[in-house]
Each structure stands twice: as structure tokens, then as C-alpha cells.
Amino acid sequence: MSGGDGPRVRILVALFPPAWRVRYADEFGALLADTGPSGWAMLDVLAAALGAWLRPPARLHDRAGRMRATVGVTLCAWTVLAAGAVLFAKLTTDGAAHGSGRGGGWYDVFVGGACVSVLAISVAWLPLVVAIARRARQHGRVAALLAAPVVLPLPFLVAAAASAAWAPRSAPPGAGVAAPVFVLLAGLGVAIAAGCGAGPALALARTRPDGPVRLTVAVAASACATAAMAVAATASVAYQVARAAAAPAGLTVYGLAMAAALAVAAVSGVRGLRAVQLDRSACAG
């Protein structure tokens, strides 16, 4: 696309997947610039973009690349979801007994969904980590990217320890740190969680380990991890609603953040599963 295209045209074209833009961005951008995107036309473009994400044309990219992208994107979204789950668990265990009373069953569902999700994401990534580590010697920065989940949490742990050490001594047991400090720590934790997922995802994209079976298992396990985390997130919201007479102030923000991460993981998962299906059809043919 040329720099003279209007910002609205560039935004509409950017809604489509990268592989689609490589092939069609110039022609589609020129068409929109000539016709002028009206209200109804913009709705048509949004529908077409959603369709391109959910059912991308197989000719636009290799299926293995699509599966690798799905596994990487799902991991990034999953780490954000995991950070939200840890935040929820921290708040509930510090605030009240969670195993009994109203909402106790929902908490059990949350714990079960989170555990299944951790197991599924481990099944998806452990074989890939081994394959990536074998190729790390040929790629200088791959080892650093692969170590991100180990290295990045260290600043958060230091900040959390420092904030706990500086907490007022007069605070009652279990009161924790002040609310502003907790919000800052929560934001830092979510950002670090996203970085922990982005590191291995970038390492996967750079090394491109082969093995259709390994990628197929990774895509399927990632989809299972997303589904299990969706159950855990839903149960956590239901727990908060059941325990509180009125919805907590941060529940809406928490729910929207979890829903956004789940939507990203779900869309990428659908595309990856479709690539698996096309790969099987190609092998059968």
C-alpha cells in the first residue's frame, strides 16, 4: 500500500491476516480508496476480515507455518490467562476461605480447569522446547528467547518481595500490600507473563522445527489448554458473583481481560485446527 492511502483504508486493510495482506493489500487498498468506505461497506469489510481469520485460504500460506503461529499465539494468550488465574487465586485465598460456603463448587471447577490447562500446555510445548533447544546453537538469540520464562519473572519476584518487606508492620495478618501497589504488581505480572509466552513463541518462529506429528499434537493440546482455561476463567467469575452480594469493582475489568485473551487464543486455535485438517487431507490425497 502507498503512503497516500487514507488512515481509514490502512486500518481496514490491517484487519486482515498478514498472509492475506501480502497477497491482496495493494489491490484491496486501491479499491477502498477509489470507492470510499461507507458505513455498510465497512461492515462488509469487517465480516470479510473475520472470515479471513477464521477460514484463511489454504493457498496463502504453508500449513506448518500456520500451526506454528497458532501454537505461539496460544501460548502468549495462555500466559496472560494464567497470570489472571494466579491473581484470582491470590485474591481469594487471601480474602476468605474458598472451599466451602457459597461459590465453593465454582472454585473447585476453577482449580480443576487450571490444572488441566497447565497439563495440556505442557504436552503442547515440552516436545517443541526440546526441538528448539537442539537448534539453538545455530541461532544465537534463540537460547535467550527460550529462557524468557525463567529470566523474566525474576524482576517481578524482586518487586513483590520488596513491596512485602516495605508493607506497614501495623497491617493485620493477611492484609497484604496497599491497593495501588497491588495494582502495579498485577499489571507488571501480566506484562511479564505475556513476555514469558512471547519468548518461546519467537524462538519457535525462528527455528521452525519440523515434524508434522509434533505440530499436530501441539495444536491439539493448545486447543485443549484454551478450552480448559476458558472453563477456569468462567468458574472464577461465577465464584466472585456467587460470593459477593454485589459484583466486585474489578470483576468487569478482570472478565473483559480474560475474555479478550480467550478470544485471541480461540481464533488462532480454530485456524490451527483447520490447518491440521487440511494437512491430513493433503496427506490422504
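## Overall architecture

A contact here means heavy atoms within 4.5 Å. Residues 24 or more positions apart account for 84% of the protein's contacts that have a separation of 6 or more. The model is predicted.

The protein has 11 helices and 0 strands. Along the sequence the pattern reads α-α-α-α-α-α-α-α-α-α-α.

## Burial and surface

The protein has 285 residues, and 35% of these count as buried.

## Helix α1

Helix α1 spans residues 7-14. Val9, Leu12 and Val13 are buried in this helix. Viewed down the axis of α1, the buried residues fall within an arc of 95°, so they line one face of the helix.

The face of α1 turned away from the buried side carries Pro7 and Ile11, both exposed. Cover for the buried residues of α1 includes α2, residues 18-35. It also includes α3, residues 39-54.

## A nonpolar surface patch

Four residues form a nonpolar patch on the surface: Leu15, Trp40, Leu43 and Leu46. Together they have about 440 Å² of accessible area.

Leu15 sits in the loop between α1 and α2. Its relative accessible area is 31%. Leu15 therefore counts as partly exposed, because that class lies between the buried limit of under 20% and the exposed limit of over 50%. Patch residues need over 30% relative accessible area, a cut-off that Leu15 passes at 31%.

## The salt bridge

Side chains of opposite charge can pair when their charged atoms come close. The structure holds 1 salt bridge. Arg23 forms a salt bridge with Glu27. The closest N and O atoms of Arg23 and Glu27 are 3.6 Å apart, and the cut-off for a salt bridge is within 4 Å.

Both Arg23 and Glu27 belong to helix α2. They lie 4 residues apart, about one turn of the helix. Arg23 is partly exposed, at 43% relative accessibility. Glu27 is partly exposed too, at 46% relative accessibility.

## Helix α2 in context

Several of these features involve α2. Helix α2 is part of what covers the buried residues of α1. The loop between α1 and α2 holds Leu15, one of the residues of the nonpolar patch. Helix α2 also contains Arg23 and Glu27, which form a salt bridge with each other.

Note on methods: Residues numbered from 1 in each chain as written. Predicted model: local features only at pLDDT ≥ 70, side-chain atom pairs only at ≥ 80, totals over all residues. Heavy atoms only, no water. Helix = DSSP H or I, 4+ residues; strand = E, 2+ residues; numbered from the N terminus. Buried < 20%, exposed > 50% of the residue type's maximum accessible area, 1.4 Å probe, protein only. Arc of directions from axis to C-beta. Patch = residues over 30% accessible without salt bridge, like charges linked within 9 Å, V, L, I, M, F, W, Y side chains within 5 Å. Areas by Shrake-Rupley, 256 points an atom, 1.4 Å probe, with all protein chains shown as cover. Salt bridge = Lys/Arg side-chain N within 4 Å of Asp/Glu carboxyl O.
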